[in-house]
Amino acid sequence: MLKTWYFVLLCWLSLRLEANPGLKVRITQKGLDYGMRQSEVKVMTKNFPSYPHCRRIGMELVKQAVLKETFPSWSGQESLSVVKVNYVISRLRINAVDFPETSASFIPGTGICLSVAQASATISADWRMNAWLLKGKGEITVSISGLFISIIFNVSRDSTGHLSTLLHNCQLSIGSVKVKLSGRSSWIYSFLSGYLEKPIHTKLDKNLCLNIKYKIQMMDAQLRKHKVLSQIDTFAQVDYSLLSSPAVFKSHINLDLKGTVYPVGNHTDPPFMPAPFALPNQGDSMIYLGVSNYFLKSASLAYYRAGAFNITISEELATTFSLNTSLLKYFVSETSLSQAAACPVLLNLMATLPPAVSLNADRCVLQITGSVEVFAALPNSTTQYIFTGNLVPVLPTALQSWLP
């Protein structure tokens with residue numbers, strides 16, 4: 001008996017682990033390249049924080065680490081013949097940066113690779129030095145050229161269905177570092193500049209990847225705070241949490257989303273399961289969105305349970321469109337209208353079953369089974385029931401591709 005229960009439990013777990021998605025999203029290399037270009041444009045705008053989080057995945061990671069970051073102060077000691085010079089460099093800030101060569105690509109089974117080549121930057125800072133019989137301070141300008149950065153970060157799903165990112169690898173090389181000191185004793189500062197280039201080169205080489213790792217951790221924390229249950233309107237919410245970690249291929253990345261629509265405040269799963277479906281094997285567009293029958297059926301059920309298909313046509317609206325009892329003589333007998341002639345008509349439209357939705361290759365068909373209650377609005381501000389009828393409207397809608 002115990003073995004039987006183990007078998008049932010394993011079958012249930014396998015069904016849960018292999019749950020089919022209600023929505024599928026595919027981002028191609030073309031879409032990744034577009035995201036890179038959009039990120040580069042946004043970094044140069046002043047209203048950068050107002051852009052959506054999804055657009056912040058791109059070269060902005062690198063630019064934040066290189067362009068926006070400041071570096072902590074550090075001190076060191078250099079030997080000039082028999083004289084030891086102690087120095088402190090503080091308030092490092094990036095003044096200018098140029099990324100002439102950037103690229104992004106998918107790493108199958110891992111995530112995304114972002115790279116920058118032949119980059120350059122200008123850094124300014126304050127410096128202070130102390131040696132035997134020598135003291136000084138001033139400003140320092142550091143010119144960096146031939147900078148190369150390659151970042152690979154993993155994309156996965158956490159236990160709550162959020163997208164998660166983790167730094168997988170960071171490679172960095174700096175072609176050259178030139179230092180120029182400014183102050184009163186220019187000949188001394190010119191002499192010291194050559195000795196400061198190596199420690200500054202080492203410090204930048206060590207800290208840039210650490211800063212990038214920190215930024216990716218911050219982005220991961222923001223992704224975990226992002227709500228996977230989104231409000232559609234006052235009637236329904238959609239759950240677009242990840243069912244599994246993104247599948248990364250050389251040419252694209254696939255995301256399987258739960259895609260269940262619930263009535264607001266009621267997150268009971270619908271009494272049907274999503275069937276498996278696949279996106280077409282194409283890569284000409286930037287993004288592909290796959291919508292299943294399950295998603296549409298869950299939306300139909302959610303709106304039905306929330307009462308979205310129950311509509312009342314009021315006396316004011318009936319008067320506007322000239323809906324009155326004189327129009328009903330073709331549908332009901334004269335006796336039922338004897339006390340309601342030439343009066344405005346009130347209509348109560350109600351869905352009696354969840355609307356049936358069918359999704360084909362080029363169209364979506366919505367069939368609503370409902371009833372209509374008809375009342376006459378009498379002059380004495382009361383209503384008179386006239387009749388109840390059944391309605392079965394069929395609403396076909398053509399589907400068109402709107403993504404480039």
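Glutamine 118 lies in strand β5, which spans residues 111-131. The model examined here is predicted. Phi of glutamine 118 is near 55 degrees. That is a positive value, and the residue is not glycine. The relative accessible area of glutamine 118 is 51%. The cut-off for an exposed residue is over 50%, so glutamine 118 counts as exposed.

Strand β6 covers residues 134-157, and strand β7 covers residues 163-182. The two pair in the antiparallel sense. Their pairing runs over 18 bridges. One of the bridge pairs joins isoleucine 149 to leucine 172 in β7.

In general, the strands of a sheet pair through backbone hydrogen bonds, in either a parallel or an antiparallel way. An open sheet is formed by three strands, in the order β8-β9-β12. Its pairing is antiparallel. Strands β8 (229-231) and β12 (260-263) stand at the edges. Each has a single partner strand, so one side of each is left without a neighbour in the sheet. From one strand to the next, the twist averages 30 degrees.

Within this sheet, β8 pairs with strand β9, residues 236-239. The two strands are antiparallel and share three bridges. Leucine 229 has aspartate 239 of β9 as its bridge partner. A helix accompanies these strands. Helix α5, residues 293-305, lies across β9 and β12. Helix α5 runs at about 5 degrees to β12.

Leucine 353 sits in the loop between β15 (345-351) and β16 (356-359). Is leucine 353 exposed or partly exposed? Its relative accessible area is 48%. Leaving aside residues up to four places away in sequence, leucine 353 touches Tyr304 and Thr369. Leucine 353 and serine 371 are 18 residues apart along the chain. Their C-alpha atoms are separated by 10.0 Å.

Technical notes: Residues numbered from 1 in each chain as written. Predicted model: local features only at pLDDT ≥ 70, side-chain atom pairs only at ≥ 80, totals over all residues. Heavy atoms only, no water. Pairing = 2+ DSSP bridges. Helix = DSSP H or I, 4+ residues; strand = E, 2+ residues; numbered from the N terminus. Axes fitted to C-alpha atoms, helices over the stretch in contact; angles between N-to-C directions. Contact = heavy atoms within 4.5 Å. Buried < 20%, exposed > 50% of the residue type's maximum accessible area, 1.4 Å probe, protein only.
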